[in-house]
Structure formats: C-alpha cells, structure tokens
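Here is a short briefing on one protein model and its ligand. Look at the sequence and structure first, then read on by topic.

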Amino acid sequence: MKILVTGGLGFIGSHTVVELQNEGLEVVIIDDCSNADEKVLEGIQTITGKRPLFEKIDLRDKSMVESFFARHQDVVGVIHFAASKAVGESVVKPLLYYENNIGTLVYILQALSQKQRASFIFSSSCTVYGQADEMPITEDAPVKAAESPYGNTKQIGEEIIADTCKVTPSLNAIALRYFNPMGAHPSVEIGELPIGVPQNLVPFITQTGMGIREQLAVFGDDYPTEDGTCIRDYIHVVDLAKAHVVALQRLLQAKNEENYEVFNVGTGKGSSVLEVIQSFERVSGEKLNYKIVDRRVGDIVSAYANTKKANQVLGWKAESTLDEAMKSAWDWEKKVRKA
Ligand code: UFG
C-alpha cells in the first residue's frame, strides 16, 4: 500500500512526505524537479530515517502517468501538490498554467477512476474566496471570480474533482484550501527554496535579514486595517503537512459520508504585514530594512480562516505560533546561506 505524492520535493510536499513517513506510510514521490531539487530526498531521509521512492516524471506526459500507475498498482492514495504557483507568471503564461495545473490533474483522476477504490487530496488555496465578505472565512463563503489564471486553476481544479466524484463512488477526495504557509522543518533539513527573487512575504523577509535583498517593500499601508497593512493567516508548514495526513487517514478509513469535501487549512488568526515584520525582528534580534511603497495590484485586504470544520471533522488544529514558524524560517535561511 503506497501513497503517491506529486510535487513531493517541493516546499509543502516535502514536509508532508516527512509526516506521512512518520506515520509509517510508504511514499512514492513524483516530481519533475522544475522547481525543486533531488537533494531534498536526503533531508527527508535524515529526518525520517527512510528514503522515499522517487520518480522524475513530467505529469503533462499522459503516457508516463499511465505507465506509472501500471507499475505501481499498490498506490491507494494520491496527494497532488505538483503545480505552478506564481500568480504574476500565470497572467503572462496562462496556457502553461492550465496545462500544468489542469491537464495533469485530469490525467491523475483518470488513472484513479479506474481503481476499485482511491483516495485523492488536492492542494487548493484560499485564493478561491477572493476578498471574502466576512472574516474569518468559512468553507461556505462563495467562490469569487478568480484574479489570475493561477487562481482560476484552483477553482477549476476543485470543480473537476467535484464533478468526477459525483459519478465515481470509488473515488474519495478532499480539497484543502491553504492559507499562507511559511516556515521550515524544525530539524532545518528541509524548507522553502524559492528560485530567484521571492514573491512571498516571509522568504523575502528572511533573505533581507540575511542581506541578500537590500530592502523589503511593504505593499501599502493605507488599507482599512488596524495598522493599514494587509492581513493574512500564516500557517507553519509542519502544521499544514499534518493536515494532509489526517485528511488522508479520513479518506483511507472511509470516515466521510460525502465523497468530496473541502477544508480550510489555516490558524484562524490574521496577522498584518507589519506584525510579521515584528515577529521576524523578535525571533532574529535583527532590525529589518523595509519601506512602505504603493499597493500591489490584485492584493486583497484581509484573509484568515475559520478553522472550525477542520478542527471538528478532521480533529486537526494548527499548533505553532507565528513566532515559532518565523524562527524556523529564519533558522532555515541561515542554514541555507551557510551551505
Ligand atoms: N507583501 C509585501 N511585500 C512583499 C511580498 C508580500 O508587502 O515583498 C505583502 C503582500 O502585499 C500581502 C502579504 O505580504 O499583503 C502576503 O503576500 P504573499 O505574496 O506572501 O501572499 P499572498 O497572500 O498575496 O499570496 C498567497 C500565495 C498565492 C495565493 C494566495 C492566496 O502566494 O499563491 O496566497 O491563496 F494565491
């Protein structure tokens, strides 16, 4: 009995592989290494004492997907992380995003639909809510028109899974809507490895703290929030990884009545950009060089999760504080730069 983790060498994927192996599950990773390094396997091995199986496959090649499932008939569940995730790039290269994020999803679901029983977990995003009308955001909040092709791939992806589940009782699926993942494994063996200039706040902060970036630009302080900067729900990547394990166990044990469910995965607590900077300064003891600049196009004001459904149904709750997550991100940054 194996669990396939696509994109398992990536940031959230690698942390999830660690938690799956810690629970004694056997993992096989597929990754095309377009945004990840095979060395991540060593980090996973150091933490868990076990090297997961790994196949370097581009999931856009349908024949490769079919041959993978033919060779690994004991795959009973898939956690599908593999996807492109840069919002700005998706605006410039929409077809690449639809091919990478939608085409590959279809091929995997086709393979799983042929099985007698299969579990599937999809990496979705709070981006599907856009600027929600009420905070904290529940899973019942309406899905709003996507701001980018990337966001659209998450909405369409959820619809494809829902439609497939309706006619495929043997398929059991959960979409996890992530809020803002950050941090690294406390062992500092694995963490986030952004290629080029980071687009996300936390890696930009830690790189600025290390002197790799000169200054953080804070995108706007005139939003209708307490300190004027945007609010997000920052979740420690290890907490997020653990949510995948409990969601998968729910599917494997067929505890669910509906064969397609959606869960928010966040902490339930909103933090402003300035609060995140303060957290960095607290845990690092460094002053961060930043300046306030204009708003970034497409940013929403505020997004944080109502986590009641995940708490009650999955029995899962984020444990780490923002400072703990930030400390792990900073420890990781220091380690990566020393190497
Ligand atoms: N920010 C800055 N300066 C930076 C980077 C970010 O001030 O250099 C601010 C942003 O304006 C925002 C906050 O920090 O207020 C968080 O920004 P991120 O880019 O880290 O995260 P977002 O919430 O904007 O986007 C993330 C993912 C997207 C996903 C979205 C919603 O990166 O892929 O959440 O799920 F679509």
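Buried means under 20% relative accessible area, exposed over 50%, and partly exposed in between, with a 1.4 Å probe and protein chains only. By that rule His244 is buried, because its relative accessible area is 0%. This is a predicted model: local features need pLDDT of at least 70, side-chain atom pairs count only at pLDDT 80 or more, and totals for chains, interfaces and linings use all residues. Residues are numbered from 1 along each chain as its sequence is written, and side-chain values use heavy atoms, with hydrogens and water left out.

**His244 and helix H8**

- His244 sits in helix H8. Helices (H or I, at least four residues) and strands (E, at least two) are DSSP runs, numbered from the N terminus.
- The side chain of His244 makes a polar contact with the side chain of Tyr178, at 2.6 Å. A polar contact is a pair of N or O atoms within 3.5 Å; within protein, one must be able to donate a hydrogen and the other to accept it, and residues adjacent in sequence count only if both atoms are side-chain atoms.
- Beyond its neighbours within four places in sequence, His244 is in contact with Ile12, Thr16, Ile79, Phe81, Ile121, Leu176 and Tyr178. Contact means heavy atoms within 4.5 Å.
- H8 covers residues 237-252; at 1.5 Å a residue its 16 residues should span 22 Å, and the end C-alpha atoms are 23 Å apart, which agrees. The expected span is 1.5 Å times one less than the number of residues.
- Twelve of the 16 residues of H8 are buried. Among them are Val237, Asp239, His244 and Arg250.
- Ala254 follows H8. Its phi is positive, about 50°, although Ala254 is not a glycine. Ala254 lies in the loop between H8 and strand S11 (260-265) and is partly exposed, with a relative accessible area of 42%.

**Helix H9**

- H9 covers residues 273-284; its twelve residues should span 16 Å at 1.5 Å a residue, and its end C-alpha atoms are 17 Å apart, which agrees.
- Its buried residues include Val273, Leu274, Phe280 and Glu281.
- Cover for the buried residues of H9 includes helix H7 (201-209), strand S8 (216-219) and helix H11 (322-338).
- Gly285 follows H9, with a positive phi near 70°.

**The ligand**

- Around the ligand are 20 residues, of which Ser125, Asn200, Ala217, Arg232 and Asp299 come nearest. A residue is near a molecule or strand if one of its heavy atoms lies within 4 Å of it.
- A polar backbone atom of Ala217 is 2.7 Å from a nitrogen atom of the ligand. A backbone N or O atom of Leu201 lies 2.9 Å from a ligand oxygen atom. For Gln199, a backbone N or O atom lies 3.5 Å from an oxygen atom of the ligand.
- Taken alone the ligand exposes 680 Å², and the protein buries 88% of that. Accessible areas come from the Shrake-Rupley method with a 1.4 Å probe; for residues, only the protein chains shown count as cover.
- S8 gives the most to the shell around the ligand, with four residues.

**Loops**

- Gln73 lies between helix H3 (62-71) and strand S4 (75-80). Gln73 is exposed, at 61% relative accessible area.
- The peptide bond from Met135 to Pro136 is cis, with omega near -15°.
- Cys33 has a positive phi of about 60° although it is not a glycine.
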